[in-house]
Each structure stands twice: as structure tokens, then as C-alpha cells.
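Here is a short report on a protein model.

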Amino acid sequence: MINQICTKCIYDAKVPNISFDDRGGCNYCHQIEELDAKFPNDERGGVELDRLVEEMKKAGKGKKYDALIGVSGGCDSSYLMHKFVKDYGLRLLAVHFDNTWNSTVATENIHCMTEKLGVDLYTHVVDAAEFDDMLLAVLKAGVKDIEMATDLGLASTMNMAAEKHGIKYKIDGHSFRTEGSAPMGWVYMDAKYLQSAHKQYGSMPMKSFPNLWLHKQLKWMLFNRIKSIRPLYYMQYDKEAAKDLLAREYGWQWYGGHHLENRLTTFYHSYFLPTRWNTDFRIAGYSAYCRDGRMSREEALSLMDEDPHMEQGLLEYVKKRLRLSETEFDELMNLPKQYYVDFKNYKKTFERMRPFFYLMAKWELIPWSFYIKYTIPHEVIRDN
């Protein structure tokens, strides 16, 4: 049987919940086309970005900060910090959730950017033993979503900082044009799912970890009215040029690949997903570059044949930190596979609340990507 590949990107028939039109284009490309039409990055995008900047400055009058920005030491958030401070004169608060797995490069990048730009840094540091217990619990659960604690923790930390300082705007460095769209079924996360897996397989209470409970999410949306802004949606963004600028002006360093600024994230993308789940997230970024005309499909497919980037000694670091022997680690990597639907979760609740979340996305109180990925039913394809 021939494995059909999209005529616009490099997603193929093995990608979950994929469908193809009569021209061979996939539904994920159509999803990006809809976002592209909704968030133009031509002169209309420039006008919208100017409007948002004025809104943020107006909301920040009489306060210490106009907006906050989530930072990881990565390229996208670093570039946006530079752009909004230097070009737009915004008073930003940089917010970081430290899961204690940061690479040295990421930590140095965060500090070189904030110090040279004069931006204050708000950091929530989770207890390392507690976080590692959550990580081990999710590994023992046999699911693929071992990074969800990091993402949920960052989302909560940003809202906590916004509430504390009376900030009404959160800036997020995501770009669907450079990152693409993760296939539905590859990634899922919510607070109830994390708690359910941890309750079964964890051994330490969650005390320092700020889980993103739905009631808190609703409070921050409805009562604090904290808006979620993704400026790269409106910008002509050349990531390679951004890297050069950051390195030249700030001494910022590249860390080898998208999402690889954190050791756990690198393990997840470069080893865990490809080895245990036969899933290579690079396909999303390379497909985005194909759609945008920055890369040919042939070049993208060739790059997919290369091994993912992973720093030397990372596997040994993971085993040592989690106190796993070679045998114990191998057992975790070969457990029967489970999925988020095998645990308590919010997914059906999100689906029932779809009209509500549509309004929240329209009013910029949640990202459109949340509405698209979390409120639409999709099939969970089991791969045992």
C-alpha cells in the first residue's frame, strides 16, 4: 500500500486524523490556510499589531507593566521581547516557569536578554523532586504526554504573574507559520489528566506545582480578563534572521532545534517520541516551512531522514536524575501504551463548552489554537 503524502506539506497517511482533498492537500494545510486568512501578516497585520500595542499601553497606564511575555530562552520569545521593547517601547515583564530541566544555554539566553533590555523577570521554580515525581508518574502511566506538566505550569505561571501585577495582556511567541499545526491525537494535556495519572503512579503531593485547573482558567478569563496575544501571527517573521540579530546584539545562543532549549523537552522530542511512539515532531516545523515556501518538500523529507539533534550524554542525564537503572529505563520505554482517554480528563467538558470557548477565542481570552485542538472531537488512534 502506497503511503500518501500531502501535496503541499510532508504530512502523510500515517499522521492521525488526517484527510486529503481531491487535489491531495491535507486537512492540516487547510487549517493553516484558515488561520492565515484570519491572521494576515501583510499591511493589515501591521495595522492590527499597532492597534494591539496601543491597547496594551492604554491598559498599562498607571501600572508598572504594559504586558507580560512568557520566556524560555528560545528564539521566538527572545525576538518578541527585543521587538516590543526596542521598536514599540512596551514595558514588559518576562515570565518563566522553571521546571528545573533548563539547559545552560536557555538560562544564559533568558538572562542576557532581560538584563540587556532592562526587563524584569518573574520566575516560578517548581520543587525539583516534586516535578521529577510527576514526570516519572506520567512515564509509568505509559502515555506520550510527558511534557504536559511544563506547558500547564507555564500557562498557570503567566496568569499568576498577570493577576499579581494587574496585567491584562499576555504575549506568546507561537507562530503557526513557522511551527505548523500538531496533528490532533499527537498531543493532549489538561490539569485533570495530569492529576489522574499522577494519582495512580506518583508518590509525592503536588505542592509547588501550579496546575491549570479549569476553574482557575475560567476565573482568569472571565474575571481578570487577561487577553492572550500572539504577535507573530501578524508579522513577517524570518526566524533565521531573528537568530542572527539576537546573537549579534545580545550574545544569544542557538540550542540546536525548535523546542530544544530544555533538557526534558529535548528528551521528549528527540528520543522519547521517535523511539517509543514512532513520532517525529520535526515534521510539523518542516511542513510549515514547505507551506510557506521556505523549504522544498524534497529538502524537508531529506532532513526527516537525519537523526534528531540531541546533546551528548542526555540519556545518561535523564536516567541518573530519575534514578533509573538501564533495565528500569528500558521497561518504561516498553510499557503497554495508554492514552489520555484512559484517564480522567477535561476533553468532553471542553467539547461541551465549544460555543463558549469560541467566544473566548474571538475576544482573545484564549488562543484560537486551543479552540481548534481542544473543543473539536477527534478519534484516538491506538498504536499497540
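Predicted model: local features only at pLDDT ≥ 70, side-chain atom pairs only at ≥ 80, totals over all residues.

## Around E364

E364 sits in the loop between α17 (354-362) and α18 (368-374). Its relative accessible area is 15%. The cut-off for buried is under 20%, so E364 counts as buried. S325 is 39 residues from E364 in sequence, and the two C-alpha atoms are 47 Å apart.

## The nonpolar core

The largest nonpolar core has 129 residues. Which of them touch the most other members? They are F84, L92, F267 and F357. For F84, neighbours within four places in sequence are again set aside. Its contacts are then L49, V53, M56, G89, L90, L92, I171 and P231.

## Helix α6

Helix α6 covers residues 148-165. T157 lies in this helix. Is T157 buried or exposed? It is buried, with a relative accessible area of 0%. Beyond four places in sequence, T157 touches V95, H96, F97, Y122, H124 and P210.

L154 is also found in α6. Its relative accessibility is 28%, so L154 counts as partly exposed. Not counting residues up to four places away in sequence, L154 touches V95 and F97. V95 and F97 are also among the contacts of T157. L154 and S78 are 76 residues apart in sequence. From C-alpha to C-alpha, they are 16 Å apart in space.

Helix α6 also packs against another helix, α8 (residues 191-201). Their axes come within 10 Å and cross at roughly 135°. That angle makes α6 oblique to α8. The crossing of α6 and α8 is left-handed. On the α6 side, the contact uses M148, A149 and L152. On the α8 side, it uses A191, Y193 and L194. The contact of α6 with α8 has six nonpolar residues, no polar ones and no charged ones.

## Two further helix pairs

Helix α14 spans residues 314-321. How do the axes of α11 and α14 cross? They come within 10 Å and cross at roughly 120°. That makes α11 oblique to α14. This crossing is left-handed. R263, T266, F267 and Y271 of α11 meet L314, L315, Y317 and V318 of α14. By class, the residues of this contact are six nonpolar, one polar and one charged.

Helix α3 (residues 75-87) pairs with α4. Their axes come within 11 Å and cross at roughly 0°. The two helices are therefore roughly parallel to each other. From α3, the residues in contact are S78, M81, H82, V85 and K86. From α4, they are M113, T114 and L117. This contact has four nonpolar, three polar and one charged residues. S78, which meets α4 here, is the residue whose distance from L154 was given above.

The table sets the axis values side by side.

| Helix pair | Axes come within | Crossing angle |
|---|---|---|
| α6 and α8 | 10 Å | roughly 135° |
| α11 and α14 | 10 Å | roughly 120° |
| α3 and α4 | 11 Å | roughly 0° |

## Positive phi in two loops

Next come two backbone angles. T100 is not a glycine, yet its phi is positive, near 70°. Where does T100 lie? It is in the loop between β2 (92-98) and α4 (104-117). T100 is partly exposed, with a relative accessible area of 22%.

N278 is likewise not a glycine and has a positive phi, of about 55°. This residue lies in the loop between α11 (263-277) and α12 (282-291). Is N278 buried or exposed? At 66% relative accessibility, N278 counts as exposed.

Conventions. Residues numbered from 1 in each chain as written. Heavy atoms only, no water. Helix = DSSP H or I, 4+ residues; strand = E, 2+ residues; numbered from the N terminus. Buried < 20%, exposed > 50% of the residue type's maximum accessible area, 1.4 Å probe, protein only. Contact = heavy atoms within 4.5 Å. Core = buried A, V, L, I, M, F, W, Y, C linked by side-chain atoms within 4.5 Å. Axes fitted to C-alpha atoms, helices over the stretch in contact; angles between N-to-C directions. Parallel < 35°, antiparallel > 145°, perpendicular 65-115°, else oblique. Left-handed = near helix turned anticlockwise from the far one by under 90°. Nonpolar A, V, L, I, M, F, W, Y, C, P; charged D, E, K, R; others polar.
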